[in-house]
Amino acid sequence: MSTRTRIAFLKGHGTENDFVIVPDPENTIDLPPAAVAALCDRRAGIGGDGLLHVVRSAAHPEARHMAAEAEWFMDYRNGDGSIAEMCGNGVRVFARYLQRAGHVTEGDIAVATRGGVKAVHIAKDGDVTVGMGRALLPEGDVTVSVGERSWPARNVNMGNPHAVAFVDELSHAGDLLSPPPFSPAAAYPDGVNVEFVIDRGPGHVAMRVHERGSGETRSCGTGACAVAVATARRDGADPAATGTPATYTVDVPGGTLVITERSDGEIEMTGPAVIVAEGEIDSVWLESATGA
């Protein structure tokens, strides 16, 4: 833990996928899993689906190789303290924080993540667009289940793994408090984010998601991208094959995201990003909460 008695933090959200933001440019704050989980606890801590640890790429051993491309590294943690490769809503909020702190301005920036360097555009209207990379579509049948029901699912990897199931009613996803069972187990050796999807109209779907390590969240950016890709393939659209981009509006419980799969296979996600508060963490509390 840092020798400082108080640690700065902010709170932000992207379509109500909310995050504790800990600015730490020189990577001096120790954030073990128990500390992250304590901070993300909604009753005993600040509360969040995850934590955005803001570090200069050159100061973090996992990001130094990306420092020439991106000054800032999003050291993202799930709400239970586990490490994740990427979080699409988190990148938008991360960029909004960098703008608020004066590190960047409107326009194009690069953000390093464990899923690679992401191109970000901060628009004048406040929306933030993130280049989410290409989707990988691993072969093989996958099934997900909730209670007595089960569905075939599309295996989509957006730098993190997803199983996308089309259902008749979003309520069929159940309470999503525990991870929906899936098979075969070998398809997702490190667990999976599971999206349940219904149609709302042409180019328009709605989803609920269970994020591994966080439970049901109000939004999942990589999940929305996975859903758009899975829906496009279901609809017979493959932009890389046809040369025609595919755009889907994806409603999540916390708002709306717009996902475009370009003809080169790159996926762009556009949506809001809001900073709602800032303050200080009492390190004495944090140490006692984590047993340090």
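Thr217 is buried, with a relative accessible area of 2% (buried means under 20%, exposed over 50% and partly exposed in between, with a 1.4 Å probe and protein chains only). The model is predicted: local features need pLDDT of at least 70 and side-chain atom pairs pLDDT 80 or more, while totals for chains, interfaces and linings use all residues. Residues are numbered from 1 along each chain as its sequence is written, and side-chain values use heavy atoms, with hydrogens and water left out.

**View 1. Surroundings of Thr217.** Thr217 lies in the loop between β14 (215–216) and α3 (221–234); helices (H or I, at least four residues) and strands (E, at least two) are DSSP runs, numbered from the N terminus. A polar atom of the Thr217 side chain lies 3.0 Å from the backbone oxygen of Ser219. Not counting residues up to four places away in sequence, Thr217 touches Asn17, Asp49, Val209, Glu211 and Pro253 (contact means heavy atoms within 4.5 Å).

**View 2. Ala8 in strand β1.** Ala8 belongs to β1 (residues 6–14) and is partly exposed, with a relative accessible area of 40%. Residues up to four places away in sequence aside, Ala8 touches Ile21, Val22, Pro23, Gly279 and Glu280. From C-alpha to C-alpha, Ala8 and Ile21 are 8.6 Å apart in space, and they are 13 residues apart in sequence.

**View 3. Lining of the largest pocket.** Of the 14 residues that line the largest pocket, Lys118, Ala119, Gly131, Met132 and Glu266 lie nearest its centre. On a 1 Å grid over the protein atoms alone, a pocket is an open set of points with protein on both sides within 12 Å along at least five of seven lines, and lining residues have an atom within 4 Å of a point. Strand β6 gives the most to this lining, with 5 residues.

Note on methods. On a 1 Å grid over the protein atoms alone, a cavity is a set of points where a 1.4 Å probe fits but cannot get out, and a pocket is an open set with protein on both sides within 12 Å along at least five of seven lines; lining residues have an atom within 4 Å of a point. A polar contact is a pair of N or O atoms within 3.5 Å; within protein, one must be able to donate a hydrogen and the other to accept it, and residues adjacent in sequence count only if both atoms are side-chain atoms.
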